[in-house]
Amino acid sequence: MKTVERLGAIVWKEWLQVFRDPSALMIAFVLPAILLFIFGFGLSLDVTDVKTGVVLEDASPLARSFYNSLDASKYIEVKFYAERTEAELAMRDEIIRAVVVVPNDFTKRISQGEIGVVQILTDGGDTNLAFIVENYLRAAFMKWTSLRLRETGEGGLAGKIDLETKTMYNPAQITRHSLIPGSIAMILAIIGTLLTALVVAREWERGTMEATLAASVGKFEMFVGKFIPYFLLGLAAAIGGLFLSKLLFDVPFRGSFAAYLLSSSVFLLVATTQGIFISSICRDQSVASQVAVLSGFLPNFILSGAIFEIDAMPKIIQLVTYIFPARYYVVCLQTIFMAGDVWLLLLTQIGYMCVIGAVVVCAAILKTPKRL
Amino acid sequence: MLGSIRRVWRLFLKEVIIALGTPKTRNILIVPQIIELVMFSFAVSLDVTNVRLGVVNLDSGVESSTFLLSFGTKPVFKEVRYYQSYEELKEAIEQREIFAGLAVPNDFSARMLSKDETAKVQFLVDGRRANASAILGGYVAQITQTYGVQAAFQNANGEPMTSGPVVRRWFNPNLIARNSFMPGLICLITTTVGIMVSALSISREREMGTFEQLLVTPASPIEIVAGKMIAAVFLATGSVLLITAIVIFGFKLPLQGSFGLMLLTTITYLASIVSIGLMISSLSTTQQQSTLGAFIFIPPAIMLSGFAAPIENMPYWLKACTVVNPVRWEMEAMRGLFLRGTSTEAIIACLIPLAIVAAVSLLAAIYMFKRRME
Amino acid sequence: MIVFNAATKRFPNSTTPALDSISATIEPGKITGLVGPDGAGKTTALRLIAGLLTPTAGSITAFGYDVVKQTSRVREMMGYMPQKFGLYEDLTVMENLSLYAKLRNLPRSRRKERFEELLEFTGLTLFTKRLARRLSGGMKQKLGLACALITTPRLLVLDEPGVGVDPLSRRELWRMVRGQVTEETVVLWSTSYLDEAELFDETILLNKGKLLFAGVPKELTKNMEGKVVRVVNVEPYERRKLVATLLKKEEIVDATIHGSSIRATMNRAFDPASDSDAVFEGRNVVLTRPCFEDGFIDRLGGAPKEKEGADREPRPKRRSDENVVVAEGLTKKFGAFTAAADVGFEIKPGEIFGLLGPNGAGKSTIFKMLCGLLRPTSGDGYVGGVSLRKAPGAARSRLGYMAQKFSLYAELTVKQNLVFYAGVYGLSGSARDRAIERALDEYDLRRFERTKAGLMPLGFKQRLALATATIHNPDALFLDEPTSGVDPIARREFWNRVNRFAEQGVAVLVTTHFMDEAEYCDRLALILDGYKIAEGAPDELKASAATAATPDPTLEDAFIRLIKQGREGAAK
């Protein structure tokens, strides 16, 4: 009973403090909103309507028919250039990002039984874009070739394959839908880890921790009392983030709210405890904030798999991603947003987070101070 | 005037001595930057590799096996798993056991061999990772179409196809993601170090109490800001040059443009970033507030610079906002200098907005600094 | 009862222990003072009792409970007020009280009554809804005390409750704590104000971690009886010279200015017959009551004797009678709030002028306006005849400023600090080198030349601060509470230096809370609610406050009386 009352007092006090301190409000509300906004509007990797220059050095009907086959596509936007050099200049100045050249011996080589050669030039400055455009243009040329072969009857067998690509859960391949979950993970990490670490570290600096400890507050009460308010704040941010992303960015939400809350809670458990742990170790706001950014914010940004591909990282860094809960949380969110409640998958990911959580909670309670 | 210059020189020296005087402050200029460089350069990639591909082959003909074989040999795929049914394949994607799957129907071989029919293949990919699904989709389409033409050609001529599109990738022939990110990374590091050496410089003095002592000396606010700014630009430039050297010699990414031009843009850029940092610092009373200010400035500035995602993809109004973002211009200039070997005119086109932003933010910093003294 | 049994606390990375084998017993039913300058080990001792730190060796028990093994038992019966009062700044007065009541499990039924009692008692009833951050220093201190008293503790521990609080509030605090003492309670109160020591029932005197004295404070002063004298009616221009002369004599342990008289301590009993002429040059000398500080100084081996020839290169004396510092109708408004209203005064060359006033009265606003740190709303200040409004840079180059806290660059070495400040003050070439050399010699900083300023002992930091403030040979010296927390020896040394500057014609402006520091001043101005309510020599102020009940008031009495009068006047 005594414990419950003391716990209640600490929670109530933390709560008042957050809402009365402008810088805490800044971290709790303004920063998350900015991040969500920037992620939603500013961070899109969609490759559509890439400006592509086409140079027809051979103006025969055959070359024209290839040119026409390129026209109607969501990936590229064709611009016609008369000269190869002109197109190359435009490419250097980033006016266009790819060039297709149909050389002057195109018809001649085809008539000699060759497949025919087109030249594709891409802008390697943006590897993502270059790779997608290159594959698209090569596939387009091959598709055109197989059609031509069938019409002329040159091929012994038609070899025409119709590839029906079905992008599950995200037919239009809108990258924003995959990135938003990443930004929610980042927001929760900011509130859970950064804000908690800062606010608790400040108590050391201001001498209030000394007074609270002397008022016979125990380890457990101290830990839980600090945990509950920031956990709840994080949960509120998770709900707010979901609401905002639905409202502003029109992301789908095919799973259940329960699944969303469950996975967010477990993620926040780790993040908040991490924040308390950091502040118990470094009792200085500036050090605490640096550690919180390095161990909370950055891993959630880089190693979560929401933006950058974990599979493309070196083995050692891939191993590191397993330590941070963000990796599992992003899988959960992407699934809940786009695929729905795939419980088996979700529960496995949540299970991994729980294991990490257990370790962090033990460490934090051990390190929660009873003395200065 | 002479007295003024002398005072600025003293202020400058003081800042530099403090920054280089203790191992702790010295390390701040080097260690975080190197960590950032290494971490980002290895971790930041949008490439699709090590893909686990699922396959359902309902066709018993030779054609389908050779078709599927053409996938298994590609380095993009780490592993090919076989499933009995289409449902199993979908289930595996749902559980994220595999990222994508190919379903070959039972009439594939028959249709391939027929003159009039079109063989059908279905490609399933997990759209939860949207960008990766787009990349892989394009890649699989290319392999499929190439395979089709190759098969037809070989069948007709009895020998494998030799010609096809010739691809040249400018600026980055092997499409190494790291190379295309590296110039942006230098810019990112320049930004953080520039903010770091400036954002705390006034608020730290305020907290330590040294600030009042400084203000009662004859040094005027403009002299104090000048001393701090020159010192911060000087220190940050040193740190950035070190990182650039690591990039050029360690990561073997050659500088295509001129070194002088790079130095000039970096210094101009740092002048604007440092002014912004000083502005944050003069607005805050504690170091914590400065840190927070820096933290609110850096992520949006980086995101709206074209570092992680192209500016072209932004909505029109947001695109317009990037014009005043100095990071954007520096990003463009660095990419031009390192990757493209862009013409001097194009770099100067970036330098002009940078200089304008620098001038405006410096004036703003001085204004705010003076206002805080009222 | 609290028993220290050879308690030692040694912090890692520190060569000397913070507390060195302290044995003492603190009895209930009394207020026990833990007295000593900064760095004496007071806070460490209190934290050990609260179980916030554990002793490296030895043990401590409180009411029979071991503070390490039975920490929670001790904490349950303890009210603890840390330095800076331990209040949550973002919470209101009521919320702070309520928080500590809950943390200490005060039964809900008794809360209302207890809160009312404490609010009444601390005079905070009207401010329950105010955020703690918006309270004045004195009010914060009272609230801190109320929070510590919430469950009527048997053990009340107060860590420097009087820091940064004016004498008026300090007196009220005394009254309040007195009211708490019963037969059972142990009250432990730490302070660096030595003049407070005499008020305690028992005093434990610490210095550099060592126990210097424990017992009734009178005991310490008792053996000073007969040794302390006052040289009365010394003309202003003679005072500083006389102090210097007296200190050179073998028989004199200590000498300080005290209004118009000089207070001196001898190493033996004063003999009116022979000493008046032999030692005091035939002046009018009377015996006086010794105080705690005299005892402390005596235990430490007397006041610092001046080194012969320390001032090797005397500065040219200023021989002008023109006022060096002039405040002319200085007014500062922050929105609707007037921090300073039409304040005016002048300081002549060689004069030491003190600004006194309770916290938040506007002293520091006035001070900052005169340094050029704040722009006055109206009025103007002049330093060396230069207007702070019209030519702030030029005016600032004429003054030297020393802040309350150490405010030089801790990361720079002593030499680098001197070079930097000499440089910004416009010194260069050989003039700069000479000024730096002189400062290093004069302030005895040679051996720290290459030491980072932040790593020096407190006393040396203060020397360096004064050295940099005067490196450009200013016309005026501005000192903001220059010696709070400094031990009395260092304080004397500091004032000797300031006196020497005054002798050379430098005008000195001081703000202070220490009454004995105010006694060093030639003239004082008392500031209340932004207004100057009194101005005059210390003795004049004392005389104006004399009543039938207190015919010979101390400066503190005068201060409190004038403030009360001022407040009553404002109320009417």
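The crossing of helices α12(B) and α15(B) is left-handed, meaning that the near helix is turned anticlockwise from the far one by less than a right angle. This is a predicted model, in which local features need pLDDT of at least 70, side-chain atom pairs count only at pLDDT 80 or more, and totals for chains, interfaces and linings use all residues. Residues are numbered from 1 along each chain as its sequence is written, while chains are lettered from A and ligands numbered from 1 in the order in which they are written.

Let's stay with this pair. Helix α12 covers residues 259-283 of chain B and helix α15 residues 326-340 of chain B; their axes come within 10 Å and cross at roughly 165°. Helices here are DSSP runs of H or I with at least four residues, and strands are runs of E with at least two, numbered from the N terminus. Axes are lines fitted to C-alpha atoms, for helices over the stretch in contact, with angles from 0 to 180 degrees between N-to-C directions. The two helices are therefore roughly antiparallel, a label for angles over 145 degrees.

Now turn to chain C, where six strands form an open sheet with mixed pairing, in the order β20-β21-β22-β17-β23-β24. Strands pair if DSSP finds at least two bridges between them. Because β20 (399-402) and β24 (531-536) of chain C each have a single partner strand, one side of each is left without a neighbour in the sheet. For β20(C), four bridges join it to the parallel strand β21 (residues 476-480) of chain C, and Gly400(C) stands opposite Leu477(C) in β21(C).

Terms used:
Parallel < 35°, antiparallel > 145°, perpendicular 65-115°, else oblique.
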